[in-house]
Amino acid sequence: MDLNSDLGEGFGQWTLGDDDALLGVVTSANVACGFHAGDPVILRRVCDRAAAAGVAIGAQVGYRDLAGFGRRFVDVEPDALTQDVLYQVGALEAFARVAGTRVRYVKPHGALYNAIVAHEEQAAAVVRAVVDYDRTLPVLGLPGSAWLRLAAEAGLTVVAEAFADRAYTPEGTLVSRRLPGAVLHDAGEIARRCVAMATGEPVSDVEGGSLHLRPASICVHGDTPGAVEIARQVRRALTDAGVELAPFAP
């Protein structure tokens, strides 16, 4: 099982999350590429430290929306979105190469991640960017999404992920952050859910039903209160349950 987290999400004098601590916990780092968060200094630092820790670096691409942290839908033209994604991957690749490694996968961020669950044109636009850049790059996303379906049809390697600290609808989509209960905060409960996901057991959806997720990677968010301790408890619980942790894209 892979354990991933969103890193590099500060900007200038503003910091968000504890990148260094999380790099000691996760196996893959979804690094912000400058459009929703991150700047060159931060990208360089995170890539250097991820490489030193043996953590796989992934490009977390998003809408051009610094003010909204990439959590607002942007009705961008498909061709422009393709070039925006290509630009972001290329920027991160430069810092990864200087650190002695490379970008190993692509994961959309925030509103883009949620939009391309169903938005066919934008999903296809992001797929085109990955195909144009490097067909060997795996892509990470929500099972059942248009994004993963179109990526698979284009011959890309698709990787299904689940979220440690997010509530799910009965349909297997994420509960909107605008709704109460969308983000989970009890570290023990989160750890138990992750063990269930990793071992093929069901978890409860937001309405109390059973949901089988079967991810190949679990995301622990770095910007929620107590994120580092939650991530540590998740890792410890998975290890105690006999789940081997390793990057899906070594």
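Colleague: Which residues does H221 touch, leaving out those up to four places away in sequence?

Modeller: H221 touches S5, D6, F163, D165, R166, R177 and A227, where contact means heavy atoms within 4.5 Å. This is a predicted model, in which local features need pLDDT of at least 70 and side-chain atom pairs pLDDT 80 or more, while totals for chains, interfaces and linings use all residues. Residues are numbered from 1 along each chain as its sequence is written, and side-chain values use heavy atoms, without hydrogens and water.

Colleague: Why is H221 called buried?

Modeller: Buried means under 20% relative accessible area, exposed over 50%, partly exposed in between (1.4 Å probe, protein chains only). H221 has 7% relative accessibility, so H221 counts as buried.

Colleague: What makes a polar contact between the side chains of H221 and D165?

Modeller: The term needs N or O atoms within 3.5 Å, one able to donate a hydrogen and the other to accept it; sequence neighbours count only through side-chain atoms on both sides. The side chains of H221 and D165 make such a contact at 2.9 Å.

Colleague: Why is strand β3 called largely enclosed?

Modeller: Strands are DSSP runs of E, at least two residues, and helices runs of H or I, at least four, numbered from the N terminus. In β3 (residues 56-61), 6 of the 6 residues are buried, so the rest of the structure largely encloses β3. A56, G58 and Q60 point one way, and I57, A59 and V61 the other.

Colleague: How do you know that β2 and β3 pair?

Modeller: Pairing takes at least two DSSP bridges, and β2 (residues 28-32) has 5 with β3, in the parallel sense. One of the bridges joins S28 to A56.
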